[in-house]
Amino acid sequence: MSILEVNNIIKNFGQTEVLKDISFTLEKGEVLAIIGSSGSGKTTLLRCMNYLEIPDGGTINVNGISYFDANEQRSLSEKEIRLRRLHFGLVFQSFNLFPQYTVLQNLILAPRLLRKYELKTALKTFQITKNEYKEKKAALSQELEINARKLIAKVGLTEKADFYPCQLSGGQQQRAAIARALSLTPDILCFDEPTSALDPELTGEVLNVIKDLKSNDTTMIVVTHEMEFAKHVADKVIFMVNGVIEEEGTPKEVFETPKSPILQAFLGRTALK
Amino acid sequence: MSFLEVTLELLSGFSMTLAIFSLTLLLALPLGLLISFCTMSKFKPLRYTFKVIVWIVRGVPLMLFLFIVYYFPGFVLGSPIYGRFTATIIAFVVNYACYFSEIFRAGIEAIPQGQTEAGLVLGMTRIQIFTYVTLQQVIKRIIPPMGNEIITLVKDTALARVITVVEIIWRAEQLMSKAIIWPLFYTAVFYLAFVGALTLLFGYLEKKQGYYKI
Ligand SMILES: Nc1ncnc2c1ncn2[C@@H]1O[C@H](COP(=O)(O)OP(=O)(O)OP(=O)(O)O)[C@@H](O)[C@H]1O
Ligand SMILES: [Mg+2]
């Protein structure tokens, strides 16, 4: 069973059809690269998967369970959406770290709130006793910090754990943002042009982190303009044009034997850059 | 009258000034936040109602507004339903809440949407995002304009005398009727000292939020 099945996703903004019938599947541990020119709907697709936009049509299944269904009659509560969202992580082009918190605090904030909420629910529904609750709550800070520091080490920022975002380079900020997205152990991690806001000499360090994640079997969807990266790291490449998948295949198929004339022209253009 | 006597006399007037100032601040800040939420509401009738209210309150001179709040109920009902001090507080709170609401709105709208979205994809609730992520950034942004507005409030309290609330300037004018004029000039010292203290406080707050950039 595929970890992700996207079926016939449609998204309109007013009169504009931004996504027209997008379908694809992804297996656990695979890396999917999405390429395509500006305005083709790549960001919108990632936003739909993270419930930041609600598609107008189609379904999304995660691990065979319905994650989104446009035909679902009842509308989901904010809480349900919030819990479903945890299947996905999203790394933004502009990092979006919380500026008032250190790297470590950025990583701990959301998991702490979530775990506290889970503990409280467990107590209320009598799954744990009051004493267990107290013990677990007391152990929580340390547990979260240990886990966060592990992730910070994984992205090579051990020395910067107590720095504020404004004290970091763009590349370091993006690596911190990746660690933060991992702190909730999403099933699928999405990246929206993670290196586009960076100076060219800083893109390498971020792409290397993503490459390392692949060797740890993290399932990822990466929207990127870095063709070399897509070619060498992705298992699957999707080329989007005007809200449709124009071509998809292995990196070998897409980059070496492109069938679509639009893709051929697109690759010719980017190769010249 | 000796200097000490005059000082004591003016201090008693200044305590009224401080009472108007602190009560207004205490009530107008939360009310202003509430109004800012209303003016940003997605529900159009609510949004426009409050935009109109803010327009009217900011458009009417505070002095006139004091007259209206104090005399209007009496004019309509035949007898006043509250005293001068209450009328003063109502007028000041409503007036300043509207000004504050615009500062809050500008501060909240200046926070990049990406901060909220980052919180959402991390599974945080909107309330959690507001309290743990946005609020502190809003505060950092609004400290300078708030400082300005609050210093203006200190001096606006003198307007309360138009409905004969005895604050510091009124006290000084009472002394003028005894043919001593210098206490009136002396009142400036009280304002300057208080505004000086506020300036230091706001400088300190700004510095305290200076450890990060937004
Ligand atoms: N909130 C919105 N309201 C209206 N139109 C939108 C909105 N968001 C995106 N669009 C439109 O949808 C289309 C696709 O946008 P999208 O950001 O998904 O493209 P993209 O492939 O990510 O482009 P880029 O490479 O420039 O990031 C564009 O034409 C854009 O103008
Ligand atoms: Mg985009």
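This is a predicted model: local features need pLDDT of at least 70, side-chain atom pairs count only at pLDDT 80 or more; totals for chains, interfaces and linings use all residues.
In the interface, 24 residues of chain A are in contact with 21 residues of chain B. The area buried between the two chains is about 2200 Å², and carbon and sulfur atoms give 64% of this area. Phe98(A), Gln100(A) and Leu113(A) supply 26% of the area that chain A buries against chain B, more than any other three residues.

Between chain A and chain B, eight residue pairs are in polar contact, with both residues at pLDDT 80 or more. Three elements of chain A give two or more residues to the side that touches chain B, namely helix H2 (78-85), strand E6 (88-91) and helix H3 (103-124). The most is given by H3(A), with four residues. Sorted by class, this side of chain A has 15 nonpolar, three polar and six charged residues.

The count of salt bridges between chain A and chain B is one. In this salt bridge Arg47(A) is paired with Glu117(B), and the closest N and O atoms are 2.8 Å apart. The pair crosses between chains, from helix H1 (residues 42-49) of chain A, which holds Arg47(A), to helix H5 (residues 113-121) of chain B, which holds Glu117(B). Both Arg47(A) and Glu117(B) are buried. Arg47(A) also forms a salt bridge with Glu53(A), at 3.0 Å from N to O. Glu53(A), like Arg47(A), is buried.

Elsewhere in chain A, Gln174(A) lies in helix H5 (residues 170-182). With a relative accessibility of 0%, Gln174(A) counts as buried. Leaving aside residues up to four places away in sequence, Gln174(A) touches Val91(A), Phe92(A), Gln93(A), Phe95(A), Pro194(A) and Val206(A).

The secondary structure of chain B consists of eight helices and zero strands. The C-alpha atoms of chain B fill a box of roughly 70 × 50 × 20 Å along the principal axes. Of its 214 residues, 44% count as buried. Among contacts in chain B with a separation of 6 or more, 76% are between residues 24 or more positions apart.

Within chain B, helix H7 (residues 168-176) has the buried residues Ile168(B), Ala172(B) and Leu175(B). Seen down the axis of H7(B), these residues fall within an arc of 55°, and therefore line one face of the helix. The buried residues of H7(B) pack against helix H1 (3-39) and helix H8 (182-208) of chain B. At the start of H7(B), a side-chain oxygen of Glu167(B) comes to within 3.2 Å of the backbone nitrogen of Ile169(B).

Arg161(B) counts as partly exposed, at 26% relative accessibility. Glu173(B) is likewise partly exposed, with a relative accessible area of 30%. Another group of charged side chains in chain B, made up of Arg58(B), Glu102(B), Arg105(B) and Glu109(B), is linked in a network of salt bridges. Over all chains, the whole structure has 16 salt bridges.

Technical notes: Residues are numbered from 1 along each chain as its sequence is written. Chains are lettered from A and ligands numbered from 1 in the order in which they are written. Side-chain values use heavy atoms; hydrogens and water are left out. Contact means heavy atoms within 4.5 Å. Buried area is the accessible area (1.4 Å probe) that two parts lose on being put together, summed over both. A salt bridge is a side-chain nitrogen of Lys or Arg within 4 Å of a carboxyl oxygen of Asp or Glu. A polar contact is a pair of N or O atoms within 3.5 Å; within protein, one must be able to donate a hydrogen and the other to accept it, and residues adjacent in sequence count only if both atoms are side-chain atoms. Ala, Val, Leu, Ile, Met, Phe, Trp, Tyr, Cys and Pro count as nonpolar, Asp, Glu, Lys and Arg as charged, and the others, Gly among them, as polar. Buried means under 20% relative accessible area, exposed over 50%, partly exposed in between (1.4 Å probe, protein chains only). The arc is that of the directions from the helix axis to the C-beta atoms.
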